[in-house]
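Visitor: Hi, I'm new to this one. Could you show it to me and walk me through it?

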Amino acid sequence: MSYLDFALFALLGMGAGTLAGMLGIGGGMIIVPGLFYLFSLIDLPGYSLMHLAAGSAMCI
């Protein structure tokens, strides 16, 4: 993983936290699709992308 990948994950977290704080929505609404997209960018196997995104969001 490159520094760009880490920056994208950080931006996703900051964006979801900001929206959750300002609008009162659940962070999972933003985090799960964002993680799904970012996990596909770093070439994780396609058959496990949604499981990894949902599981990671639950752990967060």
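Guide: Happy to! A salt bridge is a side-chain nitrogen of Lys or Arg within 4 Å of a carboxyl oxygen of Asp or Glu, and accessible areas come from the Shrake-Rupley method with a 1.4 Å probe, where for residues only the protein chains shown count as cover.

Visitor: Before we go on, where do these values come from?

Guide: This is a predicted model, in which local features need pLDDT of at least 70 and side-chain atom pairs count only at pLDDT 80 or more, while totals for chains, interfaces and linings use all residues. Residues are numbered from 1 along each chain as its sequence is written, and side-chain values use heavy atoms, leaving out hydrogens and water.

Visitor: Back to M1, is it buried or exposed?

Guide: M1 counts as exposed because its relative accessibility is 60%. The cut-offs are under 20% relative accessible area for buried, over 50% for exposed and partly exposed in between (1.4 Å probe, protein chains only). M1 sits in the segment before α1 (3–23).

Visitor: How many helices and strands are there?

Guide: The protein chain has three helices and zero strands, in the order α-α-α. Helices (H or I, at least four residues) and strands (E, at least two) are DSSP runs numbered from the N terminus.

Visitor: Which residues of α2 are buried?

Guide: They are I31, V32, G34, L35, L38 and F39. These buried residues of α2 pack against α1 and α3 (49–59), with contact meaning heavy atoms within 4.5 Å.

Visitor: And how much of the protein chain is buried?

Guide: Buried residues are 22% of the 60 residues.

Visitor: What comes just after α2?

Guide: D43 does, with a positive phi of about 65°, although D43 is not a glycine. This residue lies in the loop between α2 and α3, and D43 counts as exposed because its relative accessibility is 68%.

Visitor: Changing topic, what does the protein chain span?

Guide: Its C-alpha trace spans about 35 × 25 × 15 Å along the principal axes.

Visitor: What about the accessible surface?

Guide: For the protein chain that comes to about 4,100 Å², and 74% of it belongs to carbon and sulfur atoms.
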